[in-house]
Amino acid sequence: MAEKITELTPEQEAALEPHRDMWLKIGLSTDRADRVEAEAGAREAYTIAGLDQPEAVIWLDSPMMGAIGAWMLASSLAEEAASGTVAIGDRDGGNGDCDERYPEVWERIMAVLAKGKDYPTFSEVWAGMTESARNGAKSAIREQVRSAAYGQHDAGWLSFNDYFRVVVPVEGTEKLSGLIRVAKSCGWWWPFDRAIILTERPTALHLDPQQRLHNADGPAIRYADGFALYSWHGTRVPAEMIRGEWDTTRILQEPNAEVRRSAIERLGWDEFVIEAELKQVGEVMDDPGNTGFTITLYDVPAAIYDEPVRVLICTNGTVERGGTRRRFGLTTPVTVNTPLEAAAWGYGITAEQYAQLQRRA
Amino acid sequence: MRSVCVQRYDLRTERVGDEPLKEWAIANDVYTRVAIDFTNAPIRSAVDTVVEGTVHSFRTELSNMEGEERG
């Protein structure tokens with residue numbers, strides 16, 4: 001056994017940051033998959049694991065399509081269809097509740113597995129399934145998340161081991177070589193004994209400066225097939241909220257407090273306090289910390305924050321790139337009674353001290 | 001078709017064979033030094049956020065579809 005590593009050399013220390021940044025780029029990449037390299041890496045992973053090589057490689061567009069495809073393989077539907085043993089039904093009957101993505105995934109899989117032979121359409125297979133099997137399909141697809149390898153999204157743990165593999169190097173970590181090649185080349189993947197499902201990376205990914213998933217204008221993550229995730233500064237939210245389709249009534253009906261707060265920010269506090277008819281506390285005051293702008297304090301019903309708070313509506317001291325200044329709401333305890341006290345509370349100073357400020361940095 | 005595990009060793013939990021990686025190959029302080037740079041770095045905070053978000057969205061979308069079908 002190799003000698004235990006007890007310290008890093010200066011060169012190894014210096015390699016930490018670039019290696020970490022390289023893996024961050026891999027994890028967040030939206031480039032098209034390198035299909036040749038991904039397939040080679042997957043095959044290497046099979047070899048290292050002592051498994052026989054799979055016959056078929058199937059490419060799909062997203063984790064969602066991948067999981068649907070994995071269900072079609074795990075349930076044996078696809079193999080039975082390829083061998084002509086699957087039960088089929090009347091294509092015009094019983095397929096009304098079939099998800100629109102199933103037929104597309106089916107065609108991609110069968111194009112590989114059927115090897116040019118005729119095969120039934122997914123509608124025929126779906127119609128031939130028992131009602132119980134059809135009803136259980138979504139649960140079975142959801143379960144495929146557990147058996148997925150995350151490809152590029154395995155960067156969190158692969159990066160750490162890859163450092164010890166490449167930079168140090170440490171005996172044993174070479175076993176990760178195949179998995180690392182896949183991670184550097186594509187998105188989620190599913191290994192089966194006779195086939196591999198590999199998927200594309202996202203086509204778009206948006207983070208805010210704090211590295212939280214965020215996009216005010218559309219999906220924070222989007223894949224080529226339309227599978228998408230909407231997020232507001234790290235809080236996952238419904239698409240309708242990001243699209244601006246929520247009014248004050250809908251916001252107040254939202255049971256999740258984080259989503260509710262995100263929706264208020266999305267709408268804008270200025271608009272929300274008017275539409276929700278929040279009760280103003282005290283007078284509108286000039287902001288001593290931000291000359292030329294005012295601060296206003298409002299009561300916020302407990303229904304919004306799950307606890308009684310007040311909100312100070314103020315203007316950002318920093319000019320945005322477009323030349324505007326963002327108005328925002330700062331929640332405060334109900335113990336503050338004036339806008340000045342609320343602003344001072346936000347800085348952890350007294351109202352008297354805040355009143356002496358000339359302008360925020 | 002049968003799902004297979006392409007990772008018969010368990011480096012995800014930093015184990016090779018019966019012993020954790022740090023026990024047989026790397027001194028604890030070196031292991032920790034590197035772990036801090038990778039674990040506390042944006043890789044985990046950003047990429048794992050993407051994974052969690054994707055898994056969540058995935059489950060939500062399937063649940064919503066089930067709800068629509070039941071309805």
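Buried here means under 20% relative accessible area. The legends below describe a predicted model.

**View 1. A:Tyr150 and A:Trp188, a tilted ring pair.** A:Tyr150 has a relative accessible area of 18%, so this residue is buried. A:Trp188 is buried too, with a relative accessibility of 1%. The ring centres of the two residues lie 4.4 Å apart. Their planes stand at 35 degrees, so the pair counts as tilted. A pair of aromatic rings is described by the distance of the centres and the angle of the planes. Over all chains, the count is 14 aromatic pairs. The A:Tyr150 and A:Trp188 pair links distant parts of the chain, 38 residues apart. A:Tyr150 sits in the loop between helix 8 and helix 9 of chain A. A:Trp188 sits in the loop between helix 10 (177-183) and strand 2 of chain A.

**View 2. An aromatic cluster in chain A.** Five residues make up one cluster: A:Trp71, A:Tyr102, A:Trp106, A:Phe122 and A:Trp126.

**View 3. A:Ile5 and its contacts in both chains.** A:Ile5 lies in the segment before helix 1 of chain A. Its relative accessibility is 16%, so A:Ile5 counts as buried. Leaving out residues up to four places away in sequence, A:Ile5 touches A:Val168, A:Pro169 and A:Val170, among others. From chain B, its contacts are B:Ala25, B:Ile26, B:Ala27 and B:Val30. A:Ile5 and A:Val168 are 163 residues apart in sequence. Their C-alpha atoms are 8.6 Å apart in space.

**View 4. The interface between chain A and chain B.** Here 74 residues of chain A are in contact with 53 residues of chain B. The size of an interface is often given as the accessible area lost when the parts come together. Between chain A and chain B, the buried area is about 5,700 Å². Carbon and sulfur atoms give 69% of that area.

**View 5. The salt bridge of B:Arg33 and A:Glu13.** The side chains of B:Arg33 and A:Glu13 meet at 2.8 Å, N to O. Between chain A and chain B, the count is 2 salt bridges. The count of residue pairs in polar contact between these chains is 8, with both residues at pLDDT 80 or more. Several elements of chain A each supply at least two residues of the side that touches chain B, among them helix 1 (10-27), helix 2 (35-48), helix 3 (63-74) and helix 5 (101-113). Strand 2 (189-191) and strand 6 (228-229) of chain A are also among these elements. On the side of chain A that touches chain B, 41 residues are nonpolar, 15 polar and 18 charged.

Key:
Residues are numbered from 1 along each chain as its sequence is written. Chains are lettered from A and ligands numbered from 1 in the order in which they are written. This is a predicted model: local features need pLDDT of at least 70, side-chain atom pairs count only at pLDDT 80 or more; totals for chains, interfaces and linings use all residues. Side-chain values use heavy atoms; hydrogens and water are left out. Contact means heavy atoms within 4.5 Å. Buried area is the accessible area (1.4 Å probe) that two parts lose on being put together, summed over both. A salt bridge is a side-chain nitrogen of Lys or Arg within 4 Å of a carboxyl oxygen of Asp or Glu. A polar contact is a pair of N or O atoms within 3.5 Å; within protein, one must be able to donate a hydrogen and the other to accept it, and residues adjacent in sequence count only if both atoms are side-chain atoms. Helices (H or I, at least four residues) and strands (E, at least two) are DSSP runs, numbered from the N terminus. Ala, Val, Leu, Ile, Met, Phe, Trp, Tyr, Cys and Pro count as nonpolar, Asp, Glu, Lys and Arg as charged, and the others, Gly among them, as polar. Rings of Phe, Tyr and Trp (its six-membered ring) pair if their centres lie within 6.5 Å; planes under 30 degrees apart count as stacked, over 60 as edge-to-face and the rest as tilted. Buried means under 20% relative accessible area, exposed over 50%, partly exposed in between (1.4 Å probe, protein chains only).
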